[in-house]
Amino acid sequence: MTDSELPEVLPAAPEVYPVARWAEKPLLAEVPTGLALGRHPLAGAADFCLALGGWIWRWLVGAVMCFNAFVLTWFTAIAAVGWTNRVVQMIVLRSWWWRSARRSRGTFAQFCESLGPDGPVPRPRWFWQERLIADASRPRPGGGQPGPFTTLLRIASWPWYSLWLNFVLGFKATFCTYAILGLPCLCMLWSWEQGWLNSFNGGYEQAWFGPTMGITGFLLFIAAMYYVPMAQAHQAATGQARAFFDFHFVWLLVRARPTGYLLLALALGFWSLVLTIARNAVIAPSFSGNGAATAAEGLVSFQNYLLLLSLGMFPVYVILRIFGGLVYQSAVLKVLRGGEVPVAELHPVLRHWLDRLEISVVPVAQAAGITWYARISARYTYRKAVFTLLFLLWFAFIVRYYVGYFFVAEPYTAFLNHPMLQIPCFDFVPHHLRQGHDF
Amino acid sequence: MSTPIDRRRFLFQSTALGAAAAGLSISADDPNRPVDNEPNDPEEPLPQRRQPTYPDRSPRVILIRFGGGVRRLETILDPERTYCPFIYHELFKRHGVLFPNMEIESAPGIETSHGQGTLYVMTGRYAEYADVERRPLSDRFIPIVPTVFEYFRRAYKVPAHQALIINGEDRINEDFYTFSNCRPYGINYRSTVLSLFRYKQFLLRDELQRDRASGGSLLSAHERTEKERKLREMEQKDYRSEGRQIITPEIDDFWRSWRSYYGTSGLVNPRKDRLLTALALRVLRDLRPKLLMINYQDPDYVHWGNPNFYTRAISIIDEGVREIFSAVQADEEYRNNTVFLVVPDCGRDSNRCMPVPFQHHFSGSPSAHEIFAVAAGPGVTGLVRGGLRIERHSTHQQTSMVATIGKIMGFATPHAQGPVLEEIFA
C-alpha cells in the first residue's frame with residue numbers, strides 16, 4: 001500500500017472518547033457510619049482519644065530519638081528517618097484510599113490489615129511489633145504453621161521489632177540520600193577546610209582551588225536537590241531502597257507537579273532557616289548555657305534547650321516529609337492519567353495498592369489542536385520558570401547554610417548533614433562541654 | 001635689637017591660644033567629638049620649632065599588637081597551656097611585667113574589634129569610630145586624637161622612616177590610621193607604614209619611573225596604561241592623604257633592598273604574620289626605627305571555624321617576637337635599650353555552648369573586653385626587672401599604652417586617656 005492509498009482517518013467524535021474511570025467518590029451521606037457498621041456509639045470517641053494519645057506518644061518518642069545522648073542520637077535519628085518513611089507510606093496509601101470505593105466497605109485500618117502482616121499501618125509504632133497475632137501465626141518461610149519454638153522467638157522480638165525495622169528502613173533511606181548528596185557535601189566540606197587552611201598559610205598559588213571546589217560542590221548540591229525530595233518520597237512509599245534510583249520515573253514525577261515541588265522546596269528552605277536561627281542562638285553571651293555558672297550547669301541548660309528544639313523540629317521534619325508524600329501521590333496519579341507511565345510499568349507495590357483499592361486509571365487522549373498547543377507551550381514556559389525558581393531556592397538554601405556556619409561553625413558534621421534533608425539529629429552539644437569543660 | 005611685643009597682638013594671640021586650649025581640653029573629655037577636622041596642608045612649611053633630636057641612649061620602643069583578638073586563656077593565664085611560651089616565660093618572667101587584668105572598657109560605642117582596638121592602643125583614647133562614608137562592614141577610620149607617633153615626632157626631630165608601623169596584608173585600611181586631624185599634630189607628624197600593599201605601590205611607581213627615565217622604552221603603551229591605572233586604584237584606597245605618600249629615599253632604598261632579596265612575585269617572601277616578622281627584622285637593621293609598631297593579625301582566622309588557626313597563629317606571633325627580641329639583643333644600639341610592649345587589639349568570646357567558643361569577638365561579650373599586656377625592657381634603666389605580675393582589684397585599661405610610651409620616651413601625651421602603667425617603672 002502506497003502513501004496515496006492510505007485511508008483518510010478523521011478524528012473521533014468526542015462522545016466516543018474513553019474517559020478515566022475513577023471509582024465514584026461516595027457522597028458523604030453514603031459512607032456508612034459507625035452505627036451502620038455495628039459499632040458502639042462511644043467507640044468513635046474512644047478511637048479518637050486513642051489516636052490522639054498515640055500520636056502524642058509518637059511525637060515525644062520521636063523528639064527524644066532526635067536528641068538524647070552522644071553518638072546514640074545519630075543511630076536513633078536514623079530510626080526516626082525510617083519511622084517517618086513508614087508514616088509517609090501510610091499517607092500515600094491513605095490519600096489513594098480516600099479516592100477509593102473501598103472507603104464504603106470498611107475502615108482504613110481494616111484495609112491495611114487486608115494487605116498482609118507486612119503492609120502499612122495507620123499509626124506506625126516506634127518499638128513494638130505491628131499486628132501481633134498475625135505475626136505470631138504467620139506461616140513459616142518454608143511453609144507450614146510455626147511451631148512453639150518459632151512462636152516463642154517471634155514473641156521475644158515483639159518489644160523491639162519495630163525499632164529494628166525503623167532503623168533498617170532509615171539506614172537504607174539515609175544511605176540512598178548520601179549516595180546522591182554525599183559528594184556535593186564532601187566537596188563543600190573540603191573546599192571550606194582546605195581553602196581556609198590554604199589561605200591561613202598564604203598559599204596564593206593554590207588560592208583558586210578551594211573556591212572552585214566549593215562552587216562545584218554547591219552546584220552539584222543544587223542539581224541533586226532537584227531529584228532527592230521526590231526520590232525520598234518514592235522510596236518511602238514503596239518501602240524499597242532501589243526505588244530511590246528509579247531516575248526516569250522520579251524525574252517524571254518532578255515534572256508532573258512542579259508547583260507542589262517548588263512549594264516543598266520553599267518549605268524545606270524556610271524551616272531549615274528557622275532551625276539555623278534556633279541553633280545559632282548559642283552565639284549570644286546571654287544564652288542560658290553560656291551564662292551558667294559552671295560548665296556542668298551550662299551543659300544541662302543547653303541540653304534542655306536542645307530537647308525543646310527537638311520537640312519543635314521533629315514534627316516539622318515529619319510534616320515536611322508528609323508534604324513530600326502528598327506531592328508524590330498526586331504526581332503518580334497525574335503521570336498515569338497522562339499516559340506517561342502505563343500502569344503495567346508502575347512499581348509493583350504501587351500497582352498492587354491501586355489494584356486492591358480498585359482504582360483504575362485510564363489515560364485520557366487529548367485532541368491535537370490550537371488549545372492543546374497553547375497548553376503545551378504554556379506548560380513548558382511555566383516549567384522553565386518553576387525550575388529556575390527551584391535553582392534560586394536551593395541556592396538561597398546554600399547561602400543560608402554558609403552564613404549560619406560562619407556565625408556558629410561546627411567542624412565537619414555540619415557540612416555532611418543537613419537535618420531537614422538527611423538525618424534529623426539535633427545533638428549540637430560541643431564535645432568539650434560534654435566532657436564538662438568550658439573550652 | 002628685639003622687636004617690642006605689640007600689646008594688642010599679644011592679647012589677641014593669647015586669647016586665641018587660650019580659647020583653643022580650652023576647646024581642646026573640653027573636647028578631650030568627649031570621646032565622640034573630633035578635636036579638629038581641618039587637615040594640615042602638607043605643603044605649608046612646618047612652623048619653626050626647636051625640636052630636639054631623640055637622644056641615642058633614650059629607649060627605643062617596639063609596640064606589638066598581639067592582634068586578631070586573643071584570650072587570656074591561651075596566652076597568659078596558664079603557664080603550662082600557653083601558646084606563646086616566649087612571651088610568657090622569657091619576656092614576662094625573665095625581663096618584664098605582666099598586666100593580666102587589662103581590659104577594654106565596656107561602654108556604648110566602644111567596639112571590641114581590630115581597627116577600633118588598634119586606634120585605642122595608638123591614640124590612648126576610647127571613641128566610637130564609624131567608617132568615613134558610613135559604609136557597612138568597612139573600617140576606614142580617622143583617629144580622633146593624635147596618635148603616639150604624632151606626639152613622638154612633634155616632640156622630637158625624628159625622620160619619617162624611624163617612626164614605623166608594620167602592617168599585614170589582610171587589613172589594608174589600617175595602613176591609613178597614621179595621623180589624626182588634630183592641630184598642631186596631624187599629617188606632618190604621621191607614622192610611616194610598611195606593608196605588602198606599600199611594596200606593591202613601590203614596585204608600580206618604580207617601574208613607571210624607570211620607564212619614564214628610559215624615554216618610555218621599558219613598557220609598551222598598554223602596559224604603561226595598565227600600571228598607571230593600577231597605581232591610581234591603589235592610591236585611591238588611601239582615604240586620608242589623597243594620594244600624598246610619604247616617599248623618602250630611605251623607604252625606597254628599603255624596598256629596593258627587599259626587592260633584590262625576595263623578588264617581585266610575592267611568592268618568595270614569608271607570608272601572613274611571618275611576613276611582618278621578616279619586615280620588622282629588616283627594618284631594625286636598615287631603617288633603625290625609634291618607635292616601631294607591628295600589627296600581627298592571624299589569630300583572627302578562627303572566625304572561619306577552625307580552632308587550630310587560632311592557637312597556631314598565637315604560636316607564630318610568639319615565634320616572631322622571639323626572633324625580634326634576639327635581633328634586638330644582638331644589636332648594639334638596641335640591646336639593653338629597647339622596651340617591648342605587647343598588647344592585644346581585643347579579646348575573644350568565650351561561649352561554651354559553641355563548638356568553637358572563641359570563634360568571634362562581639363562587643364557584648366565580657367570575654368572580648370578582657371586582654372592583657374606585657375612590658376619588658378631588658379637592661380633598660382628605670383624599668384622593673386622580670387617576673388612582676390600585677391594583680392590588683394581595679395583593672396588597667398588598653399588606653400594606657402600611649403601615656404606609658406610617652407613616659408618611657410619622654411614626650412607629653414595630652415589627649416591620651418589612660419593613666420601611665422607606673423608599675424613597670426622601678
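Student: In this predicted model, what share of the accessible surface of chain B belongs to carbon and sulfur atoms?

Tutor: The accessible surface of chain B comes to about 18,300 Å². Of that area, the part that belongs to carbon and sulfur atoms is 51%.

Student: How much of chain B is buried?

Tutor: Chain B has 426 residues, and its secondary structure includes ten helices and ten strands. Buried residues have under 20% relative accessible area. Their share of chain B is 57%.

Student: Which helix gives the most residues to the nonpolar patch?

Tutor: The patch lies on the surface and has about 820 Å² of accessible area together, with B:F362 among its members. In chain A, α7 (209–225) and α14 (370–407) each supply at least two residues. The most, seven residues, come from α14(A).

Student: Is A:V399 buried, partly exposed or exposed?

Tutor: A:V399 belongs to the nonpolar patch and sits in helix α14 of chain A. Its relative accessible area is 38%. Buried means under 20% and exposed means over 50%, so A:V399, at 38%, is partly exposed.

Student: Which side chain of opposite charge is nearest to A:R58, and how far away is it?

Tutor: A:R58 lies in helix α1 (residues 43–66) of chain A. Leaving aside neighbours within four places in sequence, A:R58 has contacts that include A:W83, A:R123 and A:F314. A salt bridge needs a nitrogen-to-oxygen distance within 4 Å, and A:R58, although buried, has none. The nearest side chain of opposite charge is A:E130, 5.8 Å away.

Key: Residues are numbered from 1 along each chain as its sequence is written. Chains are lettered from A and ligands numbered from 1 in the order in which they are written. This is a predicted model: local features need pLDDT of at least 70, side-chain atom pairs count only at pLDDT 80 or more; totals for chains, interfaces and linings use all residues. Side-chain values use heavy atoms; hydrogens and water are left out. Helices (H or I, at least four residues) and strands (E, at least two) are DSSP runs, numbered from the N terminus. Buried means under 20% relative accessible area, exposed over 50%, partly exposed in between (1.4 Å probe, protein chains only). Accessible areas come from the Shrake-Rupley method with a 1.4 Å probe; for residues, only the protein chains shown count as cover. Patches are made of residues with over 30% relative accessible area and no salt bridge: like charges are joined within 9 Å, nonpolar side chains (Val, Leu, Ile, Met, Phe, Trp, Tyr) within 5 Å. Lys and Arg count as positive and Asp and Glu as negative; His and the chain ends are not counted. Contact means heavy atoms within 4.5 Å.
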